Amino acid sequence: MAHADGTADDGATAPLLASSTKSGKPPRRNMYAFACATLASMTTILMGYNLALMSGAQLFIREDLGLSDAQIEVLAGSINVFMLMSILAAGWAADLLGRRGTLVLANVFLMAGALAMSLGASYPALMAARCITSVGSGFSIVVTSVYNAEISPASMRGFLSSFLDMFVSLGLLLSYVSNYAFAGLPVHLGWRTMYAVGVLPPVLLAVGVLAMPESPRWLAMRGRHADARAVLVRTSDTPAEADLRLEEIKQAVKEEPQPQGSSDSDGGNAWKELLVRPSASVRRILVCVVGVHFFQQASGIDAIVLYSPLVFRKAGMSSNKAILGATIGVGVVKMCFVLVATLFSDRLGRRPLLLASTAGVAASMASLGVTLCIGVASAASMAASVLSVLAFMAAFSIGFGPLAGTYSAEIMPLRLRAQGASLGMAVNRLTCAL
């Protein structure tokens, strides 16, 4: 196998199989791997729901509890700061508890956070609830990307790995629908109902996660090679591919400097190799991982996700119903274009889609900024603002959104993948918070 980044030369990684086949035939869809990735990714629906629900709920929380602009800003953005600790701890937790156990724990925190938000009666109570939600969100977004990359066969890796953003996008869309659906309730009840709706799904998802297999990588780390092969046989296109994937995983595990069974020391050595004494190839990979996560959020995506109702109000919309209806359009566009990326990422490659996404994001955000700052409030400027937001979301969703996690997971060495995903996502959330 050829490796353009040179990582195989110094033993830094046991690379994943190439994501395209040499036969030229369309890849066969492995439905078992599809089902596993779907179950794992569904946890991120709840993360997306909780992140974006604040965009519409803030209109009613502000009125109900009498919060100031500054308090609303901190309440909306604080979850990204709170997520930093859980994101950095997610790699350690995933190695200690397993990918599956960590996802169950994430659902517990997401359920508790939604319940606490729905019952919150003061600003400090809501801040505490956001902190609880952040733990589940951090665990889910990191571990889902790692699990999907480790469970996916070569022919479906881009397709299944992009599930992360697809399901986050579904959560965003559901949150916008929830904002719209419950906007007509009394002010003190509407926003609480929006959050209460998110209490039961984590319980059902936790049960579903227990039905899916553990990651073959984690099983091999624990010396359970027979179990790992059994999972690989069911999630690979052929038995030969399963054997090759198992050998790659076993080789990566052998390169661990500490004996198996010591998860704490393994995690510590992984962090040292990433940050203290990285090889040239690992340093190069780390720059790519950190860079793509930084620029994904520096593009301004959360200004749209969290504050699109305020953007539309600035553009000239006056009624809450019209504003929240427009945000549903944003969610629909995001969902549709994530599906485009999901279908074409394996055919076109990650890099072309990321480059196209970058150009579209830059152009549409510039258009939105010019329209809001220079244009006089009118029907034309309102339409231009809405179209700019929709264009931004479409451009973001064909590359930056679904492929940042996929690209990062694919280029990170196997033994560093959990910690590398945590570091990349920590940079992502910190940039988002700023």
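## Helix α16

Helix α16 covers residues 320-348, 29 residues in total. Its first and last C-alpha atoms are 41 Å apart, close to the 42 Å expected at 1.5 Å a residue. That expected span is 1.5 Å times one less than the number of residues. At threonine 342, α16 bends by about 30 degrees. The bend is the angle between axes fitted to the seven residues ending at a residue and the seven starting there. Glycine 349 follows α16, and its phi is positive, near 95 degrees.

This is a predicted model: local features need pLDDT of at least 70, side-chain atom pairs count only at pLDDT 80 or more, and totals for chains, interfaces and linings use all residues. Residues are numbered from 1 along each chain as its sequence is written, and side-chain values use heavy atoms, with hydrogens and water left out.

## The whole chain

The protein chain has 20 helices and zero strands. Both are DSSP runs numbered from the N terminus: helices are H or I, at least four residues, and strands are E, at least two. Of the 434 residues, 56% are buried. Buried means under 20% relative accessible area, exposed over 50%, and partly exposed in between (1.4 Å probe, protein chains only).

Take contacts (heavy atoms within 4.5 Å) between residues at least 6 apart in sequence. Of these, 83% join residues at least 24 apart.

The structure holds seven salt bridges. Each is a side-chain nitrogen of Lys or Arg within 4 Å of a carboxyl oxygen of Asp or Glu. Asp95, Arg99 and Glu150 are linked in a network. Arginine 99 pairs with aspartate 95, with closest N and O atoms 2.8 Å apart. Arginine 99 is buried at 1% relative accessible area, and aspartate 95 is buried at 7%.

Glutamate 150 also bridges to arginine 99, with closest N and O atoms 2.9 Å apart. Glutamate 150 lies in α5 (residues 123-151) and arginine 99 in α4 (residues 99-119), so the pair ties together parts 51 residues apart in sequence. Both glutamate 150 and arginine 99 are buried.

## A partly exposed pair

Aspartate 227 forms a salt bridge with arginine 224. Their closest N and O atoms are 3.1 Å apart. Aspartate 227 is partly exposed at 36% relative accessibility. Arginine 224 is partly exposed too, at 38%.

## Proline 413

Proline 413 sits in the loop between α19 (400-411) and α20 (417-433). Its relative accessibility is 0%, so proline 413 counts as buried. Proline 413 and valine 282 are 131 residues apart in sequence. In space, their C-alpha atoms are 7.9 Å apart.
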